[in-house]
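This report describes the fold, the sheet, the nonpolar core and the ligand shell of the structure shown below.

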Amino acid sequence: MRLIVRQTAEVASRYVVQYITTRINEFGPTQEKPFVLGLPTGSSPLNIYRSLIEAFRDGKVTFRHVVTFNMDEYVGLPPEHPESYHSFMHKNFFDHVDLQPENINILDGNAPDLAAECLAYEEKIIASGGIELFLGGVGVDGHIAFNEPGSSLASRTRIKSLAYEMRLANSRFFGGEIDAVPRMALTVGVQTIMDAREVVIIATGPAKASAVHQAVESGISHWCTLSCLQLHPRSMVVVDEDATLEMRVKTIKYYKEVEQIAEQGNEAEQKASGSIGPVTPRTTARDCEDGDLTPDSMASRNDSLTELRH
Ligand SMILES: N[C@@H]1[C@@H](O)[C@H](O)[C@@H](COP(=O)(O)O)O[C@@H]1O
C-alpha cells in the first residue's frame, strides 16, 4: 500500500486526477479494449469529478472508451431521486464528459430480483475484463463502498442492510432526517474491490483520521474494511494532512521518503528515455525492503503486472 500525503484536500484531489488521467492515457483505451474504472459517490470525490470534467474540457483526457462501474446504490430510492447514486453520478460527472451511456454501470436498487442484480453485476465486471482501477472514498468508520464494519473481507456484490451509524452519517444528505435514509443498499463487496488491478482511495479531513490510522498503521480487520488494501499488490491511499492527524510522525516520514525515491527514479527514467510528462508511480527501492524481492525482480514483477493490465 502506498500513502500519498498532500497539504490540502484540493491538492490531494488534483494528485488523484493527474494519476487517473495519466493511467487512462497510458492505457490507450479503444472500443475493443476499454479502460474499466470503478467509481464512488460521497463528498470526498466531488473535487476529483470537478477536475476530471475540467481535464476532459481541456482535451487532456477522453472517456469515450472508458467503462464505469459504480460501487453502490440505495435500495428502493427512485433513480431520479436527488440523493440516489444514479442522480449523484449524472449530476456530478457523467453528464459532463463523453462517456457512452451503454458504458455506464450502476447497480439497480429497484430491480425486481436484487440478488440476481448483484450476481449479474459481478458477471458484467468479469465480462468487461475486470476493473482496471477502482477509485473509492472511505467512511469515518473505515468502510469502503457500503461494506460496513463487520463485513466479510471475502464479500462480493450483495444486498446490505445499513446500520444505524451509517444511516445517521448519511442523513446529512437527506435533510438530517434519519428516517428518510433507505435501510438497505446494494454494494460491491470487499473482494470485488480487491479484484481490481489497482485501488486508489481518497480520504480528506480530520473526520477520516482514525480510519486512515487504522487502515494504514493497524492490522487487517473487518472492523475497518479499508484495511484490506494492505493485501492488495497495487493500492494507494491519497490523503490531506488533516486525515493524517492520528498517524505516527515516523509513518508519514516513511511514506514521504518512499514517494521521494519513486520521484527520483521516475526523473532518472524520463531522462534516460528522453520522455516528458507525468509518470505513474513505480516500485521503489524502499518497497523492496518490505520483502525479499530485489529491485530487478520487482521491476520484472511490475512488467508482468503491466502485461496483465493490458
Ligand atoms: N457508500 C458511500 C461510500 O462509498 C463513501 O466512501 C462514504 C463516505 O462519504 P464521504 O466522502 O461523503 O465522507 O459514504 C457512503 O457510505
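## An exposed loop residue

Does P233 count as buried or exposed, and why? With 11 C-beta neighbours inside 10 Å, P233 counts as exposed, because a residue is placed in that class at 12 or fewer. P233 belongs to the loop that runs between α7 (209-217) and β10 (235-240). Its C-alpha atom is 8.2 Å from that of R197, although 36 residues separate P233 and R197 in sequence.

## Overall architecture

The model is predicted. The protein chain contains 10 helices and 10 strands. Of its 310 residues, 37% are buried. Among contacts between residues at least 6 apart in sequence, 77% join residues at least 24 apart.

An unreviewed UniProt entry annotates residues 9-217 as "domain: Glucosamine/galactosamine-6-phosphate isomerase".

## The seven-stranded sheet

Seven strands form an open sheet with parallel pairing, in the order β1-β10-β9-β6-β2-β3-β5. At its edges stand β1 (2-6) and β5 (104-105); each has a single partner strand, so one side of each is left without a neighbour in the sheet. The partner of β1 is β10, to which five parallel bridges join it. R6 has D240 of β10 as its bridge partner.

Further into the order, β9 and β10 run parallel and are joined by five bridges, with V200 opposite M236 of β10. Three bridges link β6 and β9, again in the parallel sense; here F134 is the bridge partner of V199 in β9.

## Covered strands

Strand β2 (residues 35-39) is largely enclosed by the rest of the structure, because five of its five residues are buried. F35, L37 and L39 point one way, V36 and G38 point the other way, and all are buried.

Strand β9 (residues 199-203) is also mostly covered, with five of its five residues buried. V199, I201 and A203 lie on one side of β9 and V200 and I202 on the other, so that both faces are covered.

## The antiparallel pair

Strand β7 is joined to strand β8 (residues 184-187) by four bridges, and the two run antiparallel. In this pairing S161 stands opposite M184 of β8. The covered face of β7 carries R158 and K160, whereas I159 and S161 are on the uncovered face.

## The nonpolar core

The largest nonpolar core has 73 residues. The members that touch the most others are V16, V200, I201, A203, V237, V238 and V239. Helix α1 (residues 9-27) gives the most to this core, contributing seven residues.

V200 illustrates how separate parts of the chain meet. Leaving aside neighbours within four places in sequence, V200 is in contact with V16, Y19, L133, L135, M236 and V238.

## The ligand shell

Which residues surround the ligand? The shell comprises P40, T41, G42, S43, S44, M71, D72, G137, V138, G139, A145 and F146. By residue class, five are nonpolar, six polar and one charged.

D72, one of these shell residues, is located in strand β4 (residues 72-74). D72 is buried, because 21 other C-beta atoms lie within 10 Å and the threshold for burial is 20 or more. Beyond neighbours within four places in sequence, D72 is in contact with Y85, L107, A145, F146, A185, L186, T187 and V188. L107 is 35 residues from D72 in sequence, yet their C-alpha atoms are 6.3 Å apart.

A145, which is among the contacts of D72 and is also part of the ligand shell, lies in the loop between β6 (133-136) and β7 (158-161). A145 counts as buried because it has 30 C-beta neighbours inside 10 Å. The phi angle of A145 is near 55°, a positive value in a residue other than glycine.

Note on methods
Residues are numbered from 1 along each chain as its sequence is written. This is a predicted model: local features need pLDDT of at least 70, side-chain atom pairs count only at pLDDT 80 or more; totals for chains, interfaces and linings use all residues. A residue is near a molecule or strand if its C-beta atom, placed from the backbone, lies within 6 Å of it. Ala, Val, Leu, Ile, Met, Phe, Trp, Tyr, Cys and Pro count as nonpolar, Asp, Glu, Lys and Arg as charged, and the others, Gly among them, as polar. UniProt positions are given in the numbering used here, feature names are shortened, and annotations may be inferred rather than shown by experiment. A nonpolar core is a set of buried Ala, Val, Leu, Ile, Met, Phe, Trp, Tyr and Cys residues joined through C-beta atoms within 7 Å. Two residues are in contact if their C-beta atoms, placed from the backbone, lie within 7 Å. Two strands pair if DSSP finds at least two bridges between them.
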